[in-house]
Each structure stands twice: as structure tokens, then as C-alpha cells.
Amino acid sequence: MVLDGVDLRLEAGWSVCVCGVNGAGKSTLLKLVAGLLRPDAGSMRLCGSDIGSGGDAARAGLGAVLHEPMVYADLTVLENLRFFAGLYAAGRAESRIDELIDRLQLAPYRFDRAAVLSRGLLQRLAIARALVHEPAVLVADEPSTGLDAEASGILLSILEGFTAAGGAVLMATHDVEFGIRCCRKAAVLDGRRICFEKDVCDIDAAAFTRDYLAYARESR
Amino acid sequence: MKHFLSGFNAVFLKDLIAELRAKQVLPSMLVLGLLIMWILRLASSTSSIDLAVTGPAALWISILFSGLLAQERSFSVEKENGCLEALLLAPVDAGTVYLAKVAVNLVMLCVFEIVIVPAAILMFRLEVSDWPVLVAVLMLGNLAISGVGTLFSALVCGAGARGAVLSVVVLAVLMPVMVPAVFALMVVFGAVPAALVGTGALAFVGSLGSALGYMVAFDAVFIAACWLLFGIAVRD
């Protein structure tokens, strides 16, 4: 069993960062929330609908950035975003795509195939893909992976804009500093359970980061 | 319905664009198909069997094996970069994805046959007695190959030797429809020897009408079953 008795609530406009060492179950938690894995017991609900069996409405409300970019290598940046917008029957797709391409600074690569993009650019495309249908909840597993400082800043501003517009973010990361900067709540997953959960404003960020890193070293 | 149409269109267009750009499948299908037919034509030239009898069999062998190439590719692209997970996350029913993939494979087979059928007619000196029936037989066969192949390509896409596994499984499942398919083409090419009707492997087919009936029934049953099973195949 990877997770046991995990109880997590996300309100509109919230962002929660889940930290944990390798194997703590962060990715499993995110895949469960995204509906890619089915729990042996318990449920994940989005606005009252069960995510696993809740059908189109529940799935349309979720966007996910997971370990792999989940984009098609033979399609261009623009074609990938158009494909995912079509898949979600997203309204005002073209203006949304233009907006995301501009914000993630993908305009010079608009007509480049995903196969030729660098790791960082692929990650930016993955973020655009996850947001193209304007989901209510964004599930992000290590979203800052492969991003340089500038792109991390862009991601930070996108996540802030997303939550300010009423979206909710559930993020798993090893980058505690980035997580604390991005999120309103921080949680630590350990031994299959959430062992720590607090508002970021109630945490001394420097002390939390130091303590977490020490804990991560001990857990190895 | 909104998600069905948008999902179907999105997957269908995406696969076509990806294939047109990569140009991986159609050229391979054409080379393999023409090679198979050429080898079988050479073998037939040393035998006393009527070319109009071996021609339909050669044509179906060529379509079957070349079709497998398209089907294998149709799901291997979904495994790259975790794209299959993105499809599963979307509010699109797995059955819709299945139908779009079947439609793409059908288009690929039809394009392939635009070249391979005239090639077969020329190589085996076949005479088409009824063009609409020829098209109908080919379309029914294409539906069977695409319908079954798409499901099994999803099932084996995680397997190491997926090409080999796919060939073995799909060919075995398609055998019941290949018998009436070969028989129907023999009739279309005016090559059913009277002695063959009602005897041997073709005994159960009987007539062109019943051959087409078997093919329609096979397509209906297997496509419905594959459509229902596809969700389980991709999720589990």
C-alpha cells in the first residue's frame, strides 16, 4: 500500500504543495487525484463528482502536468495545443492558445515539432497543454523540472494568476523553496500519510526548508 | 455528444497529421504489400493453379500484413511521452478514441489499396466482374482488420515484441473473416471453380451473398465487442 488515510481538501483559489522524499507517494497521490489510478478504498471528488467515475464533467475540470510532457512528438507546438483544446471541446480555443503561447514565451517555437524542443521548452508546452481547456484544478508533479530561472518565474506568475482566477493547484515537488513561493499551503507526505499540513503564511519558510532538507537527508 | 464529436475529430485529425508528417507507415505498407504480392506472383508462375485463384489470396495476405504495420504504429505513438495518459485524462470516452483510431486505420488501408489493388489486378491478370462488389468486399475486410487490429494494438502496445505479438493474435482472430473474404474476391474476379463451391475450406461460405453476410456479421460483432472492450484495454 502506497497511501493510507490521506485526506486533502482543495478550495477554489487554493494551492497546496505536497513535499516528500522519493517513494513517499506524491506521484501516486497526484495520479489518483487526476483519475489515472483507482484507489482500493476512498474517493476523490471534484465539485461533488467522483473523479474516477464522474464522467466528462469531472475530467474536464482537471488539468495535469505529470512526469512526462504528454505531447505528441510529430505535432508542432500549435498543433498539440489545438489537439488538446479539441479533445476538451474548449471554448475560445484559439485566443486561449495564443494567450498561453505568449505567456509561456513559446511564440518562436509555435511551428516547431515537439520532437525538436529542449526539455525546458517541452515542460512549458506541457504546462500550456494542461491549462488550454481552462480547468478548475491543476495537478502538477514537479512542474518546475527542466525550467530555468526565468521560466520558473513565468510558471510562478501563471500559477498565481490561475489561483487568483479561482483555480486550485495541487503540486508535488522536491523543490521546497519553489513550492512555498507558489502555494498557500504546504503538506509533507511520509509513511503513506500526510504528516504535516500548514498555511504557508504560518510557516517560517527558511526554517521549514532547512528542517525539510534535514528530514529528507535522514530519510534516505 | 459534444465531447464525442470534438474528441473524434481531434484524434482523427491528429493521427492523420502525424502520419502525413512522419511519412512512416504508408511507404512501409506499400513496399511490404508490393513485395508480398510480387513474391506470391513469382511462386504462382510455377504452379498450374489459376492466377485468378491465387490473386485474391495474395491480395488479402498483402492487405493483412501491411495493415498490421499501420495498427502497430497507431498505438505506439500514444506510448511516447506519456500521451496515452493525456488521452485518458480527457473527457473523451475510450470508445470514441477507438472509433477515431479505427477510422484512421481505415483511411490508411483505403489509400494503400488505391495502389495495391490495381497492382494485384495487373500482376495476376485479374478481371473485375463487379466493381461495386469489389469495393464492398474490400471495405468489409478493411473494417474487420482495422476494428480488430486497433483493439489488439492497444493491448500489446506495452509489450516488448509488440509487432510479433500483434501479428500472431490479430491474424488468429481474423481468420474466420478471411475465408469469406477470399471467397468473395474469387467470385468478383470470376475465379471460383465450380468444384470449390460447397467443398473444402470454402464449404461453409456457399455463395457471394452469404460470404458478404458473414463479413457484415463479423464486422458488426467484433467492432461492437472491441468498442466495448477498448476502455478496459487502455485503462487496465
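## How to read the model

Because this is a predicted model, local features need pLDDT of at least 70 and side-chain atom pairs count only at pLDDT 80 or more, while totals for chains, interfaces and linings use all residues. Residues are numbered from 1 along each chain as its sequence is written, and chains are lettered from A and ligands numbered from 1 in the order in which they are written.

## Two domains in chain A

Let's start with chain A, which is divided into domain 1 (1-61 + 135-220) and domain 2 (73-134); such bounds come from an automatic or database domain assignment. The C-alpha centres of these two domains of chain A are 23 Å apart.

Where the domains touch, 12 residues of domain 1 of chain A are in contact with 13 residues of domain 2 of chain A. Here, "in contact" means that the C-beta atoms of two residues, placed from the backbone, lie within 7 Å. On the domain 1 side of chain A, helix α6 (residues 149-164) gives the most, with 4 residues. Helices (H or I, at least four residues) and strands (E, at least two) are DSSP runs, numbered from the N terminus. That side of domain 1 of chain A consists of 9 nonpolar, 2 polar and 1 charged residues. In this count, Ala, Val, Leu, Ile, Met, Phe, Trp, Tyr, Cys and Pro are nonpolar, Asp, Glu, Lys and Arg are charged, and the others, Gly among them, are polar.

## Where chains A and B meet

The contact between the chains takes 23 residues from chain B and 23 residues from chain A. On the chain B side, α1 (2-22) and α4 (83-89) each supply at least two residues, and α1(B) gives the most, with 11 residues. The residues on this side of chain B divide into 12 nonpolar, 6 polar and 5 charged.

## A covered strand

Now look at strand β5 (residues 137-141) of chain A, where 5 of its 5 residues are buried. A residue is buried if 20 or more other C-beta atoms lie within 10 Å of its own, exposed if 12 or fewer, and partly exposed in between, with C-beta atoms placed from the backbone. A:Val137, A:Val139 and A:Asp141 point one way from β5(A), and A:Leu138 and A:Ala140 point the other way.

Two strands pair if DSSP finds at least two bridges between them. Strand β4 (residues 62-65) of chain A runs parallel to β5(A), joined by 4 bridges, and A:Gly63 has A:Leu138 as its bridge partner in β5(A). β5(A) also pairs in the parallel sense with strand β6 (residues 168-172) of chain A, over 5 bridges. From β5(A) the chain crosses through α6(A) to β6(A) in a right-handed β-α-β crossover; right-handed means that, with the strands pointing away from the viewer, the path from the first strand over the helix to the second runs clockwise.

## A helix with a buried face

Which residues are buried in helix α4 (residues 93-103) of chain A? They are A:Ile97, A:Leu100 and A:Ile101. Seen down the axis of α4(A), its buried residues fall within an arc of 100°, so they line one face of the helix. The arc is that of the directions from the helix axis to the C-beta atoms. On the other side of α4(A), A:Ser95 and A:Asp102 are exposed.

The buried residues of α4(A) pack against α3 (77-87) and α5 (119-131) of chain A. After α4(A) comes A:Gln105, whose phi is positive, near 55°.
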